Amino acid sequence: MNALFCSKPAHIVVAVLFLLAFLFFPWVANNYLLRIGTTMLMYSALALSWNFIGGFAGYPSFATAAFFGLGAYVGGILQNKGIPAPLAWLLAGLLVTIFAVVIGRIILHLKGHYFAIASLVIGDVLREIINGMTSLTGGGMGLNLAAQKMGVTEQAQFFYFSMLTVAGLALVTTVLLDRSRLGFGLRCIEQNEDAAVRIGINTDRFKTAAFMLSSTFVGMAGAVYVSWTGYIDPGEAFEVLISVKPIVMTLLGGAGTILGPVYGAFLFLLLEETVWRNFLNIHSGILGLLVVLLILFLPRGILNTNLWSVVEAHARVLRTYFRLLPRFQGINLWAWVVRIIRNIRHQS
Amino acid sequence: MLSLQILINGILLGGLYSCIAVGFSLVWGVLNIINILHGSMIVLGAYAAFFAYSQLGIHPFAFIPIAGLSLFILGYGLQAKIINRVMGAPVLITLTLTFGLNLILDNMMMVAFKADYRKIILDPPLGLLELGSLLIPIDRLYAMVLALGLVGCLYAILRATQIGRAIVAVRMDRDAAALMGVKVKQIYAVTFATGAFMAGAAGCLMSVIFPISPLTSNAFLGKAFVVCVLGGLGSMPGVILGGILLGLLESFGTLWLGPDFSTTIAFVVLLTLLMFRPTGLLGKRGFE
Amino acid sequence: MSAILELRDVSRNFGGLRALDGISMSFGIGEVIGIIGPNGAGKTTLVNVITAVTPASSGDILFNGNPIQGLTPDRIAQIGIARTSQIVQPFPRLTVLDNVAAGALFAAGVNTIADARSSAMEQLEFTGLARVAHKLAATLSLADRKRLELAKSLAMKPKLLMLDEVNAGLNASEIDAALDLIRAIAASGVTILLIEHLMKVVLNACSRIAVLHQGRLIADGIPEAIVGDAKVIEAYLGRKFAARQRKVMETS
């Protein structure tokens, strides 16, 4: 990567700029854009959370939907009982975290496919249970929240900042984790779990910590979501795509990095909005196509791929083709292009 | 006797479930891929049978070879051109890839067929077989027999033909098989295609018994998964055992807890098994 | 000499196979002991049992007087027992420096990553890996990988270090360098168990040799005694050859 973008002061400047941009966004945006922004922040929170267990620890968790739905219902039920929204959100986060510890004990000893499916099934079981507890949760008819006593614009701004807080907390946690002993240990577990045990890492404890972290902000986001939309039902709360989209976003941006999930969320949302507005009835097919292309061509994600070397490799291929055209033989254009690219790379 | 009726229902269902699961189990066991497409391929086979019957009058049971072959070709193409490129990658990559492919296939079916439920109504209907107080729907009986027959044929092919033995060899030890001259990538494609064939065949059988719609593809996938975990990977008897067990679980579960909870029971059993015995009742230590 | 590790009648069965059969030994602080024996004698199983990779089927293992046979492998690492593996398993996408720092961070009780890295740098200089400190572990040559294993184990600040075939695949000069390292480590008070096939290494570095055969300890003493021990010769070369050797030695 170019040296300019890698230096510490540059990072801090860029980070501050982005923070200011996020903070002042509501003043320049209309309600529609605010909604998009809030969704993007929610996606970021989900993707950053998945990154803890899937990116750092390397365990393919599909439990995001379970955490989200549980957080939504806990938040909704608490609010209906009169607890103020921000407190309800915190309590939802706390309860979901405790839930994650319990579930973790059951499934974290599984690996690979078995872990993936077990984590997926947790959400399904939760959905059925909540569907059945009609008196508490409204069952299949869903849970309604009392309407907010705020104007439309105020509401949009309030939820934007709430989601910004959740996403911001997730991001700060990611930065702290990246530099911490826990983060170091998770990376070891991801690369070679047997060696990690032999070097003195208590893998059970570390994996449980990662799983917990992957649940807290998701639970909070779920609770904010239900306050924002005013309604939730089991099918929507525990939908499988809530588990899959953060994975795609994080893979797109680069698993195990700090900003990868955020970039991925941003790009994904951009694509989703464009496709949804223009191709509604084939939007899931296009999502599928995106996933396939991502896996085939960019499996390590944007931040983990040295894009210059990809460009250089393609330039070299093109040069070979163009050598066959007599016109270009005298000029050797592509050697020149490749040399330029290589120079740029070597300076960075 | 109510319990005996429930038992028969469960076994009839179980045979079908074995057929649903056998293709899935083969792909998981040999390629170490969880084929999220499997449910959709079953639905595709079912739709093909539906249109063949309603437009051309071909009986679904007779349509099995054609549906199977079409899906074989589809599966071969998918594996050879796309999935083979990520073989050996971590679980998350292959799982997400098949998930993406499934989204595409599902969407295409939604656009083509709409979400309406269709069911084949055989004319003349096959009716019921009455044994004392037991009622056995004949269509389910035939479907179960065919299902088990298909599973048995697959079992025989794997043991007896050269390509079948090559598939088993790749399952046991991919590197050793490669050293013995087996073209592993080609075997991967053939195996995936065979899984697709079985899915198509299962779809034909399903179309007679259940209403079908693209919305049901995930349910089939879930059942296939539970059967594999119950019975264990890498073993045909395991698939049959797992299928019958699931059939019985659902039958008795519906009796005791009502139809809403039968899926939950299956999942709870699944979770319990994953906790204590992920390799299933008859499975060899599978891939992780 | 006070014993740092004591094995009392330790056995390990794999189904019907008795991989370790009633091993009783004790190792003192600062000793360098060679563990030799034909293939399948149980040398690596012994190391696996001590480090709790596989559990002992029966018997007691005492480290500094405390029983350790029920502990998990990560606890074993934390109390001061380290080992290298025959098949080297680094963390492939971490740098050499971070691979070694992991040992310091999680087993030696170092608190910050920065401190772990400086401790790791010392070990890298000691083992001659400072020049590749920032390369990814997956890109190292075999000899460097073996040195990485050693550096990682040293960063764990072990009191007992078990080296399992650490010289396999090395050429003569690399082996000499390894020998120097081993002697230097022993001089700092670490007890070393050296599992080896190469007699040159064992005879040069060890003050004591234990011989395993079919899971049993058949000899334990100074190198000169072991070399001439009839049971040892029989274990390595078979009964007929040993008998012939005896006849030759009697007539000469």
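In the predicted model, helices α3(B) and α8(B) cross in a right-handed sense. Helix α3 spans residues 60-81 of chain B and helix α8 spans residues 184-209 of chain B; their axes come within 6 Å and cross at roughly 145°. The contact between α3(B) and α8(B) comprises 21 nonpolar and eight polar residues, with no charged residues. Within chain B, helix α8(B) is also the element of highest confidence, with a mean of 92, whereas confidence is lowest in α11(B), at a mean of 79. For chain B as a whole, the average pLDDT is 85, and 95% of the residues score at least 70.

A49(B) is located in helix α2, which covers residues 38-56 of chain B. Around A49(B), 29 other C-beta atoms lie within 10 Å, and the residue is therefore buried, since the threshold for a buried residue is 20 or more. When neighbours within four places in sequence are left aside, the contacts of A49(B) are P60(B), F63(B), A67(B), I120(B), G203(B), C204(B) and S207(B). A further pair of positions in chain B was compared by distance. A49(B) and K183(B) are 134 residues apart along the chain, and their C-alpha atoms are separated by 34 Å.

The arrangement of the chains was considered next. Two pairs of chains touch, and of these the pair formed by chains A and B has the most contacts. On the side of chain B, 32 residues take part, and they are in contact with 31 residues of chain A. Two helices of chain B, α4 (91-113) and α11 (262-276), each contribute at least two residues to the side that touches chain A. Of the elements on this side, α4(B) gives the most, supplying 16 residues. In terms of residue class, the side of chain B that touches chain A consists of 23 nonpolar, six polar and three charged residues.

Chains B and C, by contrast, do not touch, and their nearest C-alpha atoms are 15 Å apart. Chain C does meet chain A, in a contact that takes 15 residues from chain A and 16 residues from chain C. On the side of chain A that touches chain C, the elements giving two or more residues are α9 (181-191) and α10 (193-198) of chain A. The largest share of that side, six residues, is provided by α9(A). By class, the side of chain A that touches chain C contains six nonpolar, five polar and four charged residues.

The overall form of chain C was also described. Chain C contains 10 helices and 10 strands. Its radius of gyration is 19 Å, close to the 18 Å given by the globule rule for 252 residues, so chain C is as compact as a globular protein of that length. Along the principal axes, the C-alpha atoms of chain C fill a box of roughly 65 × 40 × 35 Å. Of the 252 residues in chain C, 44% are buried. Among the contacts in chain C that join residues at least 6 apart in sequence, 64% are between residues at least 24 apart.

Technical notes. Residues numbered from 1 in each chain as written. Chains lettered and ligands numbered in written order. Predicted model: local features only at pLDDT ≥ 70, side-chain atom pairs only at ≥ 80, totals over all residues. Helix = DSSP H or I, 4+ residues; strand = E, 2+ residues; numbered from the N terminus. Buried ≥ 20, exposed ≤ 12 C-beta atoms within 10 Å, placed from the backbone. Contact = placed C-beta atoms within 7 Å. Nonpolar A, V, L, I, M, F, W, Y, C, P; charged D, E, K, R; others polar. Axes fitted to C-alpha atoms, helices over the stretch in contact; angles between N-to-C directions. Left-handed = near helix turned anticlockwise from the far one by under 90°. pLDDT = per-residue confidence, 0-100. Rg over C-alpha atoms; globule rule 2.2 N^0.38 Å.
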